[in-house]
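Look at the sequence and the three-dimensional picture side by side, and keep both in view while reading.

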Amino acid sequence: MNKWLETIASDLSNLLSYRVIPAAIILVAGVLIIRTVTKITTAALGKTKLEKAAHSLILSVLRTALYIVLALTIAGKLGVDVTSIVALASVLTLALSLALQNILANVIGGFTILSTQPFHSGDFVEIAGQSGTVREINMSYTKLTTGDNKMISIPNSAVVAAQIVNYSVTGTRRIEIAVSASYDAPTQKVIDALVLAGTHDNALLDPAPFAAVSSYGDSAINYVLRIWVKTENYWDINFAVNKKIKDIFDEQDIQMTYPHLNVHLDK
């Protein structure tokens with residue numbers, strides 16, 4: 001009986017000495033290393049131009065990978081067959097990938113958006129036929145707020161595959177207004193009136209407002225007015241100039257025409 005107890009005590013001592021204690025030391029050291037690596041990575045990401053959502057993704061993936069490596073290392077130290085665990089994990093990962101392929105496609109798309117940065121939060125964009133201001137870029141959806149305050153959520157996989165038009169990236173936009181005027185109105189008079197209408201307080205002077213004849217229609221001459229503005233002023237100036245054109249045309253007796261038919265009766 002005493003020998004049996006001595007054998008058990010010896011086995012426990014060996015287990016503690018060669019497996020449990022080293023495994024515990026590895027666990028403590030591993031957790032400290034993971035925290036240190038996470039802090040260093042967080043500081044490094046803070047110096048990049050990546051979106052905040054990308055920071056969270058990278059840190060989550062990094063922590064998960066490090067903890068998996070730590071768990072496998074501890075399991076191997078305790079005498080667990082790590083090979084079988086890895087094989088089982090591979091099968092489960094494949095099954096989950098097939099079941100959640102749409103979700104994974106969106107996550108990969110989100111990471112692509114955050115790393116390539118075709119737009120940022122606050123930019124006015126057009127994506128897959130939808131236009132609005134980017135409010136949020138998460139790992140599944142890109143969310144836009146439209147001009148009438150609707151929230152549109154577009155799957156990231158669709159965003160990556162679509163043509164993206166970013167109206168905010170350069171900081172300026174061009175307003176282009178098409179106007180028609182009577183053939184009776186001198187062309188230079190109409191052009192000067194359009195330039196005067198385009199001279200808005202918040203419009204850019206370089207390049208300056210520009211107007212010209214664009215084409216000749218059946219019952220009117222077609223003109224175009226182009227104004228460069230800061231992106232945030234686009235709609236306010238657009239609406240203001242459209243109104244101002246009509247007011248100036250009325251003041252200068254310039255007739256805006258519309259499709260009409262002249263009938264001549266011979267007696």
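The lining of the largest pocket divides into three nonpolar, seven polar and four charged residues, where Ala, Val, Leu, Ile, Met, Phe, Trp, Tyr, Cys and Pro count as nonpolar, Asp, Glu, Lys and Arg as charged, and the others, Gly among them, as polar. This is a predicted model, in which local features need pLDDT of at least 70 and side-chain atom pairs count only at pLDDT 80 or more, while totals for chains, interfaces and linings use all residues. Residues are numbered from 1 along each chain as its sequence is written, and side-chain values use heavy atoms, with hydrogens and water left out.

The largest pocket has a volume of about 240 Å³, and of the 14 residues that line it, the closest to its centre are Phe124, Thr133, Thr231, Glu232 and Trp235. On a 1 Å grid over the protein atoms alone, a pocket is an open set of points where a 1.4 Å probe fits, with protein on both sides within 12 Å along at least five of seven lines, and lining residues have an atom within 4 Å of a point; the points are joined across faces, edges and corners, and the volume is the space filled by probe spheres set on them. Helix H7 (234-251) gives the most to this lining, with three residues, and strand E2 (130-137) supplies at least two. Helices (H or I, at least four residues) and strands (E, at least two) are DSSP runs, numbered from the N terminus.

Leaving aside neighbours within four places in sequence, Ile245 is in contact (heavy atoms within 4.5 Å) with Ile177, Val179, Leu194, Ala197, Leu225 and Met256.

Leu144, found in strand E3 (residues 141-145), counts as buried because its relative accessibility is 0%, buried meaning under 20% relative accessible area with a 1.4 Å probe and protein chains only. Not counting residues up to four places away in sequence, Leu144 touches residues including Val125, Thr133 and Ile152.

Key: Buried < 20%, exposed > 50% of the residue type's maximum accessible area, 1.4 Å probe, protein only.
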